[in-house]
Amino acid sequence: MKFFVDTADIAEISEMADTGLLDGVTTNPSLIAKSGRDFMEVTKEICGLVDGPVSAEVVALDHDTMMKEAEKLRRIADNVCIKVPLTIDGLKTCKKLSSDGTMVNVTLCFSANQALLAAKAGASFVSPFVGRHDDNGFDGMELIADIRTIYNNYDFTTEILVASIRNPVHVLQSARIGADVATMPPAVIKGLFKHILTDKGIEGFLADWKKTGQSIL
Ligand code: E4P
């Protein structure tokens, strides 16, 4: 499973990239606003920090303007992945861009039928939002499982990018289902490393090691 970080904060992305476990980055207009940075400038900087895809989202609602925005965004770097909303115009844009070989992430997916459309439009990634789905009384993981089944049924190569992840259990469940990518806030990625028994184990080993009076170096 690939790990993407869901932030436009350079310090957070650098910290995650340093682990060697980061495969990509997702941003959205809210995350860009939170960063307080210029969209083009910060996206270029992010693209230099990771080799994998960096999702940059269009904000237009009509196909023609989406295409113009996508043209500008894809010139930023080779690893830019154009993010479009799951609308008719968004999928038209996805179809056009993907047939030109551009990576596209179709975002704001909330149903398996929408995911089917994204795959038919040639999306590289589809982003079902599990946290927001759960928040509204639906079962986010059921959605991921349905999409996995449908994509397997037809050998679609669109990658399931689980988004709006709120906790490590979402990551575990996504991995069990066989989702391709999880995009997570940095706090969730850090949470994956944590276990109370790991901390306690280190504490015990170090206490015993101290008693030996030895050093490795
Ligand atoms: C994904 O690409 C989105 O940026 C993100 O996961 C949305 O998460 P949220 O529901 O926590 O805003």
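Which side chain has an N or O atom 2.7 Å from an oxygen atom of the ligand? R132 is one that does, in this predicted model. Residues are numbered from 1 along each chain as its sequence is written, and side-chain values use heavy atoms, with hydrogens and water left out. Since the model is predicted, local features need pLDDT of at least 70 and side-chain atom pairs count only at pLDDT 80 or more, while totals for chains, interfaces and linings use all residues.

Around the ligand are D6, T26, N28, K83, F129, R132, A163, S164 and R166, each with a heavy atom within 4 Å of it. This shell splits into 2 nonpolar, 3 polar and 4 charged residues.

As for where the ligand sits, its space is the largest pocket, meaning that more than half of its atoms lie within 2 Å of the pocket's grid points. A pocket here is an open set of points on a 1 Å grid over the protein atoms alone, where a 1.4 Å probe fits, with protein on both sides within 12 Å along at least five of seven lines. The volume comes to about 430 Å³, counted as the space filled by probe spheres set on the points.

The pocket's lining (residues with an atom within 4 Å of a point) runs to 27 residues, with D6, T7, N28, L31 and K34 nearest the centre. By class, these are 9 nonpolar, 10 polar and 8 charged. α2 gives the most, with 4 residues.

Terms used:
Polar contact = N/O pair within 3.5 Å; in protein donor to acceptor, adjacent residues only side chain to side chain. Nonpolar A, V, L, I, M, F, W, Y, C, P; charged D, E, K, R; others polar. Helix = DSSP H or I, 4+ residues; strand = E, 2+ residues; numbered from the N terminus.
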